[in-house]
Amino acid sequence: MRDEFLSKTKEVIRKRAGYICSNPDCRALTLAGSENENDKVQCIGIVAHIKPASPNGPRGEDTSVEQDRSSIDNGIYLCSNCASMIDKNRGVDFPETLLKEWKRSHELWIRTNLNKQQLNNSQVI
């Protein structure tokens, strides 16, 4: 049995990540407005599990209870490519400790950059 995140939990994880992939080597923007419908968006981001969503999922056997597996602490926001990549080879190349560090440092980066103006090429310093 697979433990999924509640919709509210996924929304908080997405927002905490700024809709940007938490992989520091990627940081792809995952959200854009639809070209054809003003009330629609396109999103290529995924809330992925850090510890496995099921007892024998990627990154080894997990003995956590359902509540822990579906908690905000166990979710990381990634683009669809990175979400797929971390689960390949049963997740051995992306251990829990690495994913937790990605999440921690990414959320810090988002908070640090909140409301900072970005200079574009046409602005003079």
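## A charge over a ring

A charge is taken to sit over a ring if NZ of Lys or CZ of Arg lies within 6 Å of the ring centre and within 35 degrees of the ring normal. In this predicted model, the charged end of arginine 27 is placed over the ring of tryptophan 109, at 3.8 Å from the centre of that ring.

Arginine 27 belongs to the loop between helix H1 (7-16) and strand E1 (31-33), and its relative accessibility of 31% makes it partly exposed, because that class lies between the limits of 20% for buried and 50% for exposed.

## Positive phi angles

Most residues other than glycine have a negative phi. Arginine 27, although not a glycine, has a positive phi of about 50°.

Asparagine 115 likewise has a positive value, with phi near 70°. Asparagine 115 is found in the segment after H4, where it is exposed, with a relative accessible area of 75%.

## Aromatic pairs

Two aromatic pairs are present in the structure. One of them is formed by tyrosine 19 and tyrosine 77, whose rings are arranged edge-to-face, with 6.0 Å from centre to centre and 80° between the planes. This pair links distant parts of the chain, since tyrosine 19 lies in the loop between H1 and E1 whereas tyrosine 77 lies in strand E4 (residues 75-79), 58 residues apart. Tyrosine 19 and tyrosine 77 are both buried.

## The largest pocket

The largest pocket has a volume of about 190 Å³. Twelve residues line this pocket, and those closest to its centre are Ser71, Ile72, Asp73, Asn74 and Lys100. Among the contributing elements, helix H4 (residues 96-113) gives the most to the lining, with three residues.

Sorted by class, the lining of the largest pocket comprises seven charged, three polar and two nonpolar residues.

## The second largest pocket

The second largest pocket holds about 160 Å³ of space. Its lining is made up of 16 residues, of which Arg2, Ala48, His49, Ala53 and Asp87 lie nearest the centre. Strand E3 (45-49) and helix H3 (80-87) are the elements that each give two or more residues to the lining of this pocket.

By class, the lining of the second largest pocket divides into eight nonpolar, five charged and three polar residues.

Methods:
Residues numbered from 1 in each chain as written. Predicted model: local features only at pLDDT ≥ 70, side-chain atom pairs only at ≥ 80, totals over all residues. Heavy atoms only, no water. 1 Å grid on protein atoms, 1.4 Å probe; cavity = no way out; pocket = protein on both sides within 12 Å on 5 of 7 lines; lining within 4 Å. Points joined across faces, edges and corners; volume = space filled by probe spheres on them. Helix = DSSP H or I, 4+ residues; strand = E, 2+ residues; numbered from the N terminus. Nonpolar A, V, L, I, M, F, W, Y, C, P; charged D, E, K, R; others polar. Buried < 20%, exposed > 50% of the residue type's maximum accessible area, 1.4 Å probe, protein only. Phe/Tyr/Trp six-rings, centres within 6.5 Å; stacked < 30°, edge-to-face > 60°.
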